[in-house]
Amino acid sequence: MNAPVRLLVHGASGRMGQSLLRQCADRDDCTVVAAVARSVGQRVVDGIPYVAPGGFEGMPAVDAIIDFSLPDAFDAILGAAEARGVAFVSGTTGLSDAQRAALDAAAGRIPVLWTANFSLGVALLGELVERAAAALPGWDCDIVEAHHVHKLDAPSGTALALGGCAQSAGASPRYASLRTGDIVGEHTVQFATAGERIELVHRATNRDIFARGALYAATRLVGRPPGRYRLQDLF
Ligand SMILES: NC(=O)c1ccc[n+]([C@@H]2O[C@H](COP(=O)([O-])OP(=O)(O)OC[C@H]3O[C@@H](n4cnc5c(N)ncnc54)[C@H](OP(=O)(O)O)[C@@H]3O)[C@@H](O)[C@H]2O)c1
(Lines give C-alpha, C1' and ligand atoms only; values in the text may rest on other atoms or scores of the structure.)
Protein backbone atom coordinates (compact mmCIF):
# COMPACT_ATOMS: atom_id res chain seq x y z
CA MET A 1 0.00 0.00 0.00
CA ASN A 2 1.21 3.54 -0.75
CA ALA A 3 2.17 5.77 2.16
CA PRO A 4 -0.71 8.01 3.27
CA VAL A 5 -0.81 11.44 1.61
CA ARG A 6 0.40 14.04 4.13
CA LEU A 7 -1.98 17.00 4.32
CA LEU A 8 -2.01 20.51 5.73
CA VAL A 9 -5.57 21.71 6.40
CA HIS A 10 -5.94 25.49 6.19
CA GLY A 11 -9.07 26.82 7.94
CA ALA A 12 -9.02 23.84 10.30
CA SER A 13 -11.21 25.48 12.97
CA GLY A 14 -14.05 26.14 10.52
CA ARG A 15 -17.07 24.02 9.61
CA MET A 16 -15.33 22.54 6.56
CA GLY A 17 -11.97 22.20 8.31
CA GLN A 18 -13.53 20.22 11.16
CA SER A 19 -15.30 17.92 8.70
CA LEU A 20 -11.96 17.33 6.91
CA LEU A 21 -10.18 16.47 10.17
CA ARG A 22 -12.97 14.05 11.22
CA GLN A 23 -13.06 12.27 7.87
CA CYS A 24 -9.31 12.07 7.49
CA ALA A 25 -9.05 10.41 10.90
CA ASP A 26 -11.22 7.54 9.54
CA ARG A 27 -9.15 6.99 6.37
CA ASP A 28 -5.85 5.27 5.78
CA ASP A 29 -4.94 6.91 2.44
CA CYS A 30 -4.30 10.36 3.98
CA THR A 31 -3.16 11.90 7.24
CA VAL A 32 -3.31 15.47 8.54
CA VAL A 33 0.21 16.42 9.61
CA ALA A 34 -0.42 20.14 10.10
CA ALA A 35 -3.32 22.56 10.44
CA VAL A 36 -3.84 26.32 10.39
CA ALA A 37 -6.49 28.43 12.16
CA ARG A 38 -6.11 31.94 13.57
CA SER A 39 -8.20 31.13 16.64
CA VAL A 40 -5.97 28.16 17.54
CA GLY A 41 -2.56 29.74 16.93
CA GLN A 42 0.58 27.65 17.30
CA ARG A 43 0.02 24.55 19.49
CA VAL A 44 -0.80 20.86 19.23
CA VAL A 45 -4.49 19.86 19.34
CA ASP A 46 -5.56 16.18 19.26
CA GLY A 47 -2.06 15.25 18.10
CA ILE A 48 -2.09 17.69 15.16
CA PRO A 49 0.45 20.55 15.21
CA TYR A 50 -1.21 23.87 14.38
CA VAL A 51 0.97 26.37 12.50
CA ALA A 52 0.21 30.06 13.05
CA PRO A 53 -1.12 31.82 9.90
CA GLY A 54 1.90 33.30 8.11
CA GLY A 55 4.30 30.95 9.93
CA PHE A 56 4.38 28.46 7.09
CA GLU A 57 8.17 28.27 6.87
CA GLY A 58 8.09 26.20 10.08
CA MET A 59 5.50 23.71 8.89
CA PRO A 60 6.26 19.97 8.58
CA ALA A 61 6.75 18.35 5.16
CA VAL A 62 3.40 17.85 3.38
CA ASP A 63 2.29 16.42 0.02
CA ALA A 64 -0.79 18.62 -0.41
CA ILE A 65 -2.54 21.62 1.12
CA ILE A 66 -6.33 21.73 1.44
CA ASP A 67 -7.75 25.22 1.94
CA PHE A 68 -11.29 26.05 3.10
CA SER A 69 -10.92 29.53 4.57
CA LEU A 70 -11.79 33.06 3.53
CA PRO A 71 -10.45 35.25 0.69
CA ASP A 72 -8.41 37.33 3.19
CA ALA A 73 -6.37 34.26 4.08
CA PHE A 74 -6.05 32.86 0.56
CA ASP A 75 -2.99 34.63 -0.89
CA ALA A 76 -0.66 33.51 1.91
CA ILE A 77 -1.64 29.85 1.72
CA LEU A 78 -1.46 29.71 -2.08
CA GLY A 79 2.01 31.28 -1.79
CA ALA A 80 3.01 28.61 0.75
CA ALA A 81 1.88 25.81 -1.62
CA GLU A 82 3.93 27.34 -4.44
CA ALA A 83 6.98 27.86 -2.21
CA ARG A 84 6.82 24.20 -1.10
CA GLY A 85 5.97 22.93 -4.61
CA VAL A 86 3.02 20.87 -3.29
CA ALA A 87 -0.46 20.14 -4.67
CA PHE A 88 -3.09 22.77 -3.79
CA VAL A 89 -6.80 22.01 -3.31
CA SER A 90 -9.12 24.87 -2.42
CA GLY A 91 -12.85 25.39 -1.98
CA THR A 92 -12.66 28.95 -0.64
CA THR A 93 -15.32 31.07 -2.33
CA GLY A 94 -15.63 34.81 -2.89
CA LEU A 95 -12.17 35.04 -4.50
CA SER A 96 -11.29 38.23 -6.41
CA ASP A 97 -10.33 38.28 -10.08
CA ALA A 98 -6.69 38.77 -9.02
CA GLN A 99 -6.88 35.69 -6.78
CA ARG A 100 -8.34 33.62 -9.62
CA ALA A 101 -5.52 34.83 -11.86
CA ALA A 102 -3.02 33.84 -9.14
CA LEU A 103 -4.47 30.30 -9.19
CA ASP A 104 -3.89 30.15 -12.95
CA ALA A 105 -0.32 31.41 -12.51
CA ALA A 106 0.37 28.90 -9.71
CA ALA A 107 -0.86 26.10 -11.99
CA GLY A 108 2.28 26.67 -14.07
CA ARG A 109 4.31 25.37 -11.13
CA ILE A 110 2.09 23.04 -9.04
CA PRO A 111 -1.06 20.94 -9.54
CA VAL A 112 -4.06 23.09 -8.56
CA LEU A 113 -7.71 22.23 -8.10
CA TRP A 114 -10.18 24.92 -7.07
CA THR A 115 -13.91 24.41 -7.29
CA ALA A 116 -16.83 26.25 -5.75
CA ASN A 117 -18.48 22.91 -5.05
CA PHE A 118 -16.88 19.55 -4.33
CA SER A 119 -20.11 17.54 -4.75
CA LEU A 120 -20.48 15.05 -7.61
CA GLY A 121 -24.18 15.94 -7.94
CA VAL A 122 -23.34 19.57 -8.64
CA ALA A 123 -20.76 18.55 -11.26
CA LEU A 124 -23.58 16.68 -13.08
CA LEU A 125 -26.02 19.58 -12.55
CA GLY A 126 -23.62 21.85 -14.44
CA GLU A 127 -23.76 19.54 -17.45
CA LEU A 128 -27.59 19.40 -17.31
CA VAL A 129 -27.81 23.20 -17.10
CA GLU A 130 -25.60 23.57 -20.15
CA ARG A 131 -27.78 21.13 -22.13
CA ALA A 132 -31.00 22.85 -21.06
CA ALA A 133 -29.67 26.31 -21.93
CA ALA A 134 -28.57 25.11 -25.37
CA ALA A 135 -31.95 23.46 -26.03
CA LEU A 136 -34.07 26.40 -24.83
CA PRO A 137 -32.79 29.58 -26.54
CA GLY A 138 -34.72 32.70 -25.53
CA TRP A 139 -36.06 31.22 -22.25
CA ASP A 140 -35.53 33.14 -19.01
CA CYS A 141 -32.83 31.60 -16.82
CA ASP A 142 -32.81 32.26 -13.06
CA ILE A 143 -30.56 30.76 -10.41
CA VAL A 144 -31.86 30.78 -6.84
CA GLU A 145 -29.54 29.67 -4.05
CA ALA A 146 -30.07 29.30 -0.29
CA HIS A 147 -27.40 28.88 2.41
CA HIS A 148 -27.00 29.19 6.19
CA VAL A 149 -26.85 32.64 7.79
CA HIS A 150 -23.07 32.48 8.33
CA LYS A 151 -22.19 32.36 4.63
CA LEU A 152 -20.61 35.68 3.67
CA ASP A 153 -20.48 35.73 -0.14
CA ALA A 154 -23.56 36.01 -2.38
CA PRO A 155 -24.39 34.78 -4.96
CA SER A 156 -22.62 31.58 -3.93
CA GLY A 157 -19.59 30.42 -5.90
CA THR A 158 -21.65 27.42 -7.02
CA ALA A 159 -24.45 29.66 -8.32
CA LEU A 160 -21.90 31.64 -10.33
CA ALA A 161 -20.34 28.44 -11.69
CA LEU A 162 -23.78 27.11 -12.74
CA GLY A 163 -24.47 30.52 -14.28
CA GLY A 164 -21.24 30.15 -16.24
CA CYS A 165 -22.50 26.81 -17.61
CA ALA A 166 -25.79 28.44 -18.68
CA GLN A 167 -23.98 31.43 -20.18
CA SER A 168 -21.61 29.23 -22.17
CA ALA A 169 -24.71 27.79 -23.89
CA GLY A 170 -26.23 31.20 -24.68
CA ALA A 171 -28.45 31.95 -21.65
CA SER A 172 -28.30 35.17 -19.59
CA PRO A 173 -28.75 34.00 -15.99
CA ARG A 174 -30.03 36.18 -13.16
CA TYR A 175 -29.31 35.41 -9.51
CA ALA A 176 -31.20 35.48 -6.22
CA SER A 177 -29.74 34.53 -2.80
CA LEU A 178 -31.28 33.58 0.54
CA ARG A 179 -29.28 33.47 3.80
CA THR A 180 -31.38 31.70 6.40
CA GLY A 181 -31.22 29.10 9.15
CA ASP A 182 -28.71 26.26 8.83
CA ILE A 183 -29.20 25.32 5.16
CA VAL A 184 -26.04 23.54 3.93
CA GLY A 185 -26.60 24.52 0.28
CA GLU A 186 -29.49 24.51 -2.21
CA HIS A 187 -29.31 25.56 -5.86
CA THR A 188 -32.26 25.82 -8.26
CA VAL A 189 -31.67 26.64 -11.91
CA GLN A 190 -34.98 27.59 -13.51
CA PHE A 191 -35.73 27.98 -17.22
CA ALA A 192 -39.07 29.69 -17.91
CA THR A 193 -41.09 30.90 -20.88
CA ALA A 194 -44.77 31.77 -21.41
CA GLY A 195 -46.83 28.87 -20.02
CA GLU A 196 -44.07 26.53 -18.85
CA ARG A 197 -41.08 26.22 -16.53
CA ILE A 198 -38.30 23.71 -15.84
CA GLU A 199 -36.48 23.52 -12.51
CA LEU A 200 -33.18 21.70 -11.97
CA VAL A 201 -32.49 21.41 -8.24
CA HIS A 202 -29.58 20.23 -6.10
CA ARG A 203 -29.82 20.04 -2.31
CA ALA A 204 -26.84 19.32 -0.09
CA THR A 205 -27.96 18.13 3.34
CA ASN A 206 -24.56 17.44 4.89
CA ARG A 207 -21.32 19.37 4.35
CA ASP A 208 -19.35 16.15 4.74
CA ILE A 209 -19.90 15.59 0.99
CA PHE A 210 -17.70 18.62 0.25
CA ALA A 211 -14.92 17.49 2.57
CA ARG A 212 -15.10 13.99 1.07
CA GLY A 213 -14.73 15.49 -2.43
CA ALA A 214 -11.75 17.60 -1.31
CA LEU A 215 -9.99 14.55 0.17
CA TYR A 216 -10.76 12.63 -3.02
CA ALA A 217 -9.12 15.47 -4.97
CA ALA A 218 -6.06 15.85 -2.73
CA THR A 219 -5.24 12.13 -2.69
CA ARG A 220 -5.45 11.98 -6.51
CA LEU A 221 -3.71 15.28 -7.28
CA VAL A 222 -0.42 14.42 -5.55
CA GLY A 223 2.22 13.34 -8.06
CA ARG A 224 0.48 14.87 -11.08
CA PRO A 225 2.23 17.42 -13.26
CA PRO A 226 1.57 21.13 -12.66
CA GLY A 227 -1.72 22.36 -14.12
CA ARG A 228 -5.26 23.46 -13.40
CA TYR A 229 -7.46 20.42 -12.71
CA ARG A 230 -11.24 19.93 -12.43
CA LEU A 231 -12.83 17.37 -10.13
CA GLN A 232 -14.07 15.37 -13.11
CA ASP A 233 -10.47 15.17 -14.48
CA LEU A 234 -9.61 12.94 -11.50
CA PHE A 235 -12.49 10.44 -11.77
N1 LIG B 1 -16.14 24.44 -2.47
C2 LIG B 1 -16.98 23.82 -1.65
O3 LIG B 1 -17.45 22.69 -1.92
C4 LIG B 1 -17.36 24.51 -0.36
C5 LIG B 1 -18.25 23.92 0.54
C6 LIG B 1 -18.51 24.58 1.76
C7 LIG B 1 -17.89 25.81 2.04
N8 LIG B 1 -17.06 26.35 1.11
C9 LIG B 1 -16.32 27.60 1.35
O10 LIG B 1 -15.23 27.26 2.21
C11 LIG B 1 -14.89 28.39 3.01
C12 LIG B 1 -14.92 27.99 4.48
O13 LIG B 1 -16.26 27.63 4.82
P14 LIG B 1 -16.64 27.28 6.34
O15 LIG B 1 -18.11 27.07 6.34
O16 LIG B 1 -15.76 26.21 6.86
O17 LIG B 1 -16.25 28.68 7.04
P18 LIG B 1 -15.93 28.98 8.56
O19 LIG B 1 -16.60 27.97 9.44
O20 LIG B 1 -16.24 30.43 8.77
O21 LIG B 1 -14.34 28.74 8.66
C22 LIG B 1 -13.43 29.63 8.08
C23 LIG B 1 -12.03 29.18 8.44
O24 LIG B 1 -11.08 30.09 7.84
C25 LIG B 1 -10.17 30.52 8.84
N26 LIG B 1 -9.70 31.90 8.55
C27 LIG B 1 -10.46 32.99 8.30
N28 LIG B 1 -9.68 34.07 8.07
C29 LIG B 1 -8.40 33.63 8.21
C30 LIG B 1 -7.12 34.26 8.11
N31 LIG B 1 -7.02 35.58 7.80
N32 LIG B 1 -6.01 33.50 8.26
C33 LIG B 1 -6.10 32.18 8.55
N34 LIG B 1 -7.29 31.53 8.68
C35 LIG B 1 -8.41 32.25 8.51
C36 LIG B 1 -10.98 30.48 10.11
O37 LIG B 1 -10.09 30.37 11.20
P38 LIG B 1 -10.35 31.19 12.56
O39 LIG B 1 -11.82 31.38 12.75
O40 LIG B 1 -9.71 30.30 13.57
O41 LIG B 1 -9.69 32.47 12.38
C42 LIG B 1 -11.76 29.19 9.93
O43 LIG B 1 -10.96 28.07 10.26
C44 LIG B 1 -15.88 29.49 2.61
O45 LIG B 1 -15.29 30.29 1.60
C46 LIG B 1 -17.07 28.71 2.04
O47 LIG B 1 -17.85 29.47 1.15
C48 LIG B 1 -16.77 25.72 -0.08
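## Ligand contacts

In this predicted model, an oxygen atom of the ligand is 2.7 Å from an N or O atom in the side chain of Ser13. A polar contact is a pair of N or O atoms within 3.5 Å. Thr93 also has a side-chain N or O atom 2.6 Å from an oxygen atom of the ligand. At Met16, a polar backbone atom is 2.8 Å from a ligand oxygen atom. On its own the ligand has 930 Å² of accessible area, of which the protein covers 84% (Shrake-Rupley method, 1.4 Å probe).

## Ligand surroundings

## Backbone features

Pro155 lies in the loop between β8 (140-147) and α5 (157-168). Helices (H or I, at least four residues) and strands (E, at least two) are DSSP runs, numbered from the N terminus.

Asp46, in the loop between β3 (44-45) and β4 (48-49), has a positive phi, near 50 degrees, and is not a glycine. Asp46 is exposed, at 77% relative accessible area (exposed means over 50%, with a 1.4 Å probe and protein chains only).

## Basis of the values

Residues are numbered from 1 along each chain, and side-chain values use heavy atoms, without hydrogens and water. Local features need pLDDT of at least 70, side-chain atom pairs count only at pLDDT 80 or more, and totals for chains, interfaces and linings use all residues.

Technical notes: Polar contact = N/O pair within 3.5 Å; in protein donor to acceptor, adjacent residues only side chain to side chain. Buried < 20%, exposed > 50% of the residue type's maximum accessible area, 1.4 Å probe, protein only.
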